[in-house]
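The following exercises are to be worked with the sequence and the model at hand. Each task is followed by a solution in steps.

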Amino acid sequence: MKACCVSKMVFFTLCVKCNLEEIKILQPSSDFTWTIKVKCSGCGEESPNWHTVDAQSSYEGKGGKGKFHFIYKCKFCSRENSLDIVGSSIKKINSDECMDFKPLVTFDCRGLAPVDFTPGKGWIAEAAESGRQFKDIDLSEKEWVDYDERSQQSVGIYEFESKIVHSK
């Protein structure tokens, strides 16, 4: 007998590390858009395109199978796959732990696997000394530099790296 083709939930966690200069906390904004590349778990085909996912968007699954933050139809096998952002999983990166990979967000995936991430725009950083918030930071180049007038110091984010790990 053939098994049913129902996709089961698989969780993937995006982990990041970076070097924070005079920054206490780095976090994605509440309306952050996650930019990822994905691979179909059915046929193994990796999409060459970047895809955007945000928690504010909701899409109906094929056949009324629920609502998801992202739906991807594989160009190779035509399988419909989905991804949800686990809202409670979104974390802040603290300066005392930023040099090691730390979990930032978890994705609930059905039929696909996220394989790459680019940080883009929409980050918030809090200055270590003054507490000033820097908003809408663009990490597309994986670094950012500014000047905190309150503390009269340079602030920055350098060597931003990410990896996606299978989680439970």
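The exercises below treat model confidence, cysteines, a sheet and one aspartate.

**Exercise 1. Confidence**

Task: State the mean pLDDT of the protein, and find where pLDDT stays under 50.

Solution. The model is predicted. Step one: the mean pLDDT is 93, and 94% of the residues reach 70 or more. Step two: over residues 1–6 pLDDT stays under 50. In the model, residues 1–6 have zero contacts beyond four places in sequence.

**Exercise 2. Cysteines**

Task: Determine how many disulfides the model contains, and examine Cys18 and Cys109.

Solution. Step one: a disulfide requires two cysteine sulfur atoms within 2.5 Å. By this rule the count is zero disulfides. Step two: for Cys18 the nearest cysteine sulfur belongs to Cys98, 5.1 Å away, and Cys18 is in no disulfide. Step three: Cys18 has 2% relative accessibility and therefore counts as buried, the cut-off for buried being under 20%. Step four: Cys109 is likewise in no disulfide, as the nearest cysteine sulfur, that of Cys40, lies 12 Å away. With a relative accessible area of 0%, Cys109 is buried.

**Exercise 3. The six-stranded sheet**

Task: Give the strand order of the open sheet of six strands and explain which strands stand at its edges.

Solution. Step one: the order reads β7-β8-β10-β1-β15-β14, and the pairing is antiparallel. Step two: β7 (70–73) and β14 each have a single partner strand, so one side of each is left without a neighbour in the sheet. These two strands stand at the edges. Step three: on average, neighbouring strands of this sheet are turned by 30 degrees against each other, direction ignored. Tyr72 stands opposite Asn81 in β8.

**Exercise 4. Asp148**

Task: Locate Asp148, decide whether Asp148 is buried or exposed, and list the residues that Asp148 touches.

Solution. Step one: Asp148 belongs to strand β14, which spans residues 144–148; β14 is an edge strand of the sheet in Exercise 3. Step two: the relative accessibility of Asp148 is 0%, so Asp148 counts as buried. Step three: leaving aside residues up to four places away in sequence, Asp148 touches Ala127, Ser130, Arg132, Phe134, Gln153 and Val155. Step four: the side chains of Asp148 and Ser151 are joined by a polar contact of 3.0 Å. Step five: Glu46 is 102 residues from Asp148 in sequence, and the C-alpha atoms of Glu46 and Asp148 are 42 Å apart in space.

Methods:
Residues are numbered from 1 along each chain as its sequence is written. This is a predicted model: local features need pLDDT of at least 70, side-chain atom pairs count only at pLDDT 80 or more; totals for chains, interfaces and linings use all residues. Side-chain values use heavy atoms; hydrogens and water are left out. Buried means under 20% relative accessible area, exposed over 50%, partly exposed in between (1.4 Å probe, protein chains only). Helices (H or I, at least four residues) and strands (E, at least two) are DSSP runs, numbered from the N terminus. Contact means heavy atoms within 4.5 Å. A polar contact is a pair of N or O atoms within 3.5 Å; within protein, one must be able to donate a hydrogen and the other to accept it, and residues adjacent in sequence count only if both atoms are side-chain atoms. pLDDT is the predictor's confidence in each residue, from 0 to 100. Two strands pair if DSSP finds at least two bridges between them. Axes are lines fitted to C-alpha atoms, for helices over the stretch in contact, and angles run from 0 to 180 degrees between N-to-C directions.
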